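Have a look at it first, then read on.

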Amino acid sequence: NDLMMSNNYSSITEFFLSPVTKWDSARFLTIAADPWERHPFKDHKDELLHSEQAHAFFPLFPLLIRHLALFLVKIVPLSLLPPTFEGVLALSALLLNFISFLIALHCLLDLTLILTQRYIEIGDNSLYITGKIAAIFYLNPATIFFCTCYTEAVFAMFTFAGYCLYTRE
């Protein structure tokens with residue numbers, strides 16, 4: 001019975017996590033699993049492909065994924081995590097992007113509110129405009145990249161947070 005539950009849990013996690021491991025996401029997760037995978041091989045024949053794989057994917061995002069996965073393995077009971085470390089990496093990438101997206105959205109709301117109150121004489125409509133801008137941000141078709149294992153959510157978080165800090169001088 002435990003084996004059947006384990007197989008069901010494994011197939012459920014595979015169903016939900018396998019879509020986020022395609023295309024560039026697979027490369028980010030590979031680098032997160034083995035950071036040395038980013039460095040070029042000495043005997044690689046195709047230098048152009050090798051160079052692209054070595055330099056197109058900066059290591060910050062995979063590093064954040066790896067450390068979040070290691071943190072999850074330490075604090076969450078293993079029975080609640082996916083059965084493989086690669087699955088934990090995919091789950092941690094989703095969690096990282098979800099948290100980053102929420103922080104980015106909060107920073108965008110804050111930034112828009114600051115700028116509308118500072119530069120536009122609109123009275124009480126600043127909250128209305130801020131809400132509309134936030135809705136455009138989280139309802140646009142490119143939001144799918146914020147919900148998978150891509151760098152866009154982390155990049156938006158750092159960008160909007162930097163703009164917020166700059167406008168608060």
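1. Start with the largest nonpolar core, which has 30 residues. Leu 29, Phe 61, Ile 65, Phe 137, Cys 149 and Phe 160 have the most contacts inside it. A core here is a set of buried Ala, Val, Leu, Ile, Met, Phe, Trp, Tyr and Cys residues joined through side-chain atoms within 4.5 Å; buried means under 20% relative accessible area, exposed over 50%, partly exposed in between (1.4 Å probe, protein chains only).

2. Which helix gives the most to this core? That's α5, with 11 residues. At least two residues each come from α2 (24–33), α4 (60–75), α5, α6 and α7. Helices are DSSP runs (H or I, at least four residues), numbered from the N terminus.

3. A caveat: this is a predicted model, with local features needing pLDDT of at least 70 and side-chain atom pairs pLDDT 80 or more, while totals for chains, interfaces and linings use all residues. Residues are numbered from 1 along each chain as its sequence is written, and side-chain values use heavy atoms, leaving out hydrogens and water.

4. Now the rings: there are four aromatic pairs, counting Phe, Tyr and Trp (its six-membered ring) with centres within 6.5 Å; planes under 30 degrees apart are stacked, over 60 edge-to-face, the rest tilted. Phe 101 and Phe 146 make a tilted pair, 5.2 Å centre to centre with 35° between the planes. Phe 101 sits in α5 (residues 85–119) and Phe 146 in the loop between α6 (126–139) and α7 (152–167), 45 residues apart.

5. Phe 146 is buried at 10% relative accessibility. Phe 146 also forms a tilted pair with Phe 137, at 5.3 Å and 50°. Ring pairs link Phe 101, Phe 137, Phe 146 and Phe 160 into a cluster.
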